[in-house]
Amino acid sequence: MATFSPVTLGLWAMGGKYWGEDVRDEDSIAAIHAALDLGIESFDTAPLYGEGHADELLVRALGERRHQVTIATKVGVRLPTAAGEHARSDLSPAHLRADCEASLRRLKLERIDLLQIHWPCEFGTPLEESLATLVALQGEGKIAAFGLSNYDAPTLARARQLAPVATLQTPYSLLRREYEQGLEAVCLEPAPALGVLIYEPLCRGLLTAKFDEESTFPDSDLRAHDDRFSGPAFRRALRLAEGLARIAEHFDATAAALAIAWVLRRPSVSAALVGAKRPEQVRQNAEAARLAADPGVPWEVLDRMAEAMRPPPRHRP
């Protein structure tokens, strides 16, 4: 597998869609430069992120350095063609090839370090055919390695039997723990273990301690439509973020860095993919690598805090 920095920069917000009105190209480029200055040399993008705009920004920011860092992207998504439509995953051989070629052109690369299926197919292509196409692209030298994103444990286990899958990208955070319930075991066995790239370690910003119960989001921000940002779930998350901030102060860090560090301490995790809109966010998030190695951080307290914030079990009538 390609080498990933423990804190890897995710480019979804930089694409300029779904994340509000405060996304500016000059800030995004400065954030990428800040990442490089901090030793972050891996970047995760996708055609869906601004319909290719994130890719173009990355090329502008990196210049020739794009050949010296690790770039992971994704494949398979068909973008909406009409208002009201949703993006869908087409993993047919023809679309996978076309998508890969388009990414190579946008990123101005001859080979992609890691090509990931963005999410499972919604058009009926058998898993065997999709994986065979990725194997062929690898054999042709167009991709160095390939992985899966947003797959469940049974399908991931089957995919590992069919092809040399290198990575899984999946959500994991103090607030979202599904990874521990089956997926992790599939990633670890059989050897060699998969590289595990975690996204949403901050749960779309819930764990940054930047919000309160009065916080709102414009309709252009996907968080305006995310159930986690309203009601009891939002209030529980805010209490957890406040607790993280109080602990982080003792280590000259932020709640965000501490939340990311908690994810990085999981032995099976290879990297945390963390988005940012501005350079100061990158600098704060990068502190997670230092915190993760600090034995003085009361990790057991974080575990108890997260457990206390779990929603109560539902009782059936």
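So, the lining of the largest cavity: by class that's six nonpolar residues, three polar ones and no charged residues. Keep in mind that this is a predicted model. Which residues are we talking about, lining the largest cavity? You've got Val7, Thr8 and Leu9, then Ile40, then Val274, Gly275 and Ala276, and finally Val282 and Asn285. In terms of elements, strand E1 (7–10), strand E10 (271–275) and helix H9 (279–292) each put in at least two residues. E1 gives the largest share of that lining, with three residues. The volume comes out at about 40 Å³, and with a threshold of 30 Å³ or more, the structure holds one cavity.

Leu9 takes us on to the packing. Besides lining the cavity, Leu9 is among the residues with the most contacts inside the largest nonpolar core, along with Phe43, Leu131 and Leu258. That core has 91 residues. Helix H8, residues 255–264, supplies the largest share of it, 10 residues. There's also a second, separate core of 10 residues, and Phe4, Tyr199, Ala271 and Leu273 are included in it.

Let me zoom in on Leu131. Setting aside residues up to four places away in sequence, leucine 131 touches Phe146, Leu148, Ala159, Leu162, Ala163 and Val165.

Over to Phe234 now, which is in helix H7, residues 231–249. Is phenylalanine 234 buried or exposed? Its relative accessible area is 4%, so we call Phe234 buried. Skipping neighbours within four places in sequence, phenylalanine 234 is in contact with Leu206, Phe211, Asp212, Glu213, Arg228 and Phe229. If you want a sense of distance, the C-alpha atoms of phenylalanine 234 and glutamate 101 are separated by 41 Å, and those two are 133 residues apart along the chain.

Cysteine 121 is partly exposed, at 24% relative accessible area. Cysteine 187 is in no disulfide either, and its nearest cysteine sulfur, on cysteine 203, is 19 Å off. Cysteine 187 has a relative accessible area of 1%, so that one counts as buried.

Definitions and conventions
Residues numbered from 1 in each chain as written. Predicted model: local features only at pLDDT ≥ 70, side-chain atom pairs only at ≥ 80, totals over all residues. Heavy atoms only, no water. Helix = DSSP H or I, 4+ residues; strand = E, 2+ residues; numbered from the N terminus. Buried < 20%, exposed > 50% of the residue type's maximum accessible area, 1.4 Å probe, protein only. Contact = heavy atoms within 4.5 Å. 1 Å grid on protein atoms, 1.4 Å probe; cavity = no way out; pocket = protein on both sides within 12 Å on 5 of 7 lines; lining within 4 Å. Points joined across faces, edges and corners; volume = space filled by probe spheres on them. Nonpolar A, V, L, I, M, F, W, Y, C, P; charged D, E, K, R; others polar. Core = buried A, V, L, I, M, F, W, Y, C linked by side-chain atoms within 4.5 Å. Disulfide = S-S within 2.5 Å.
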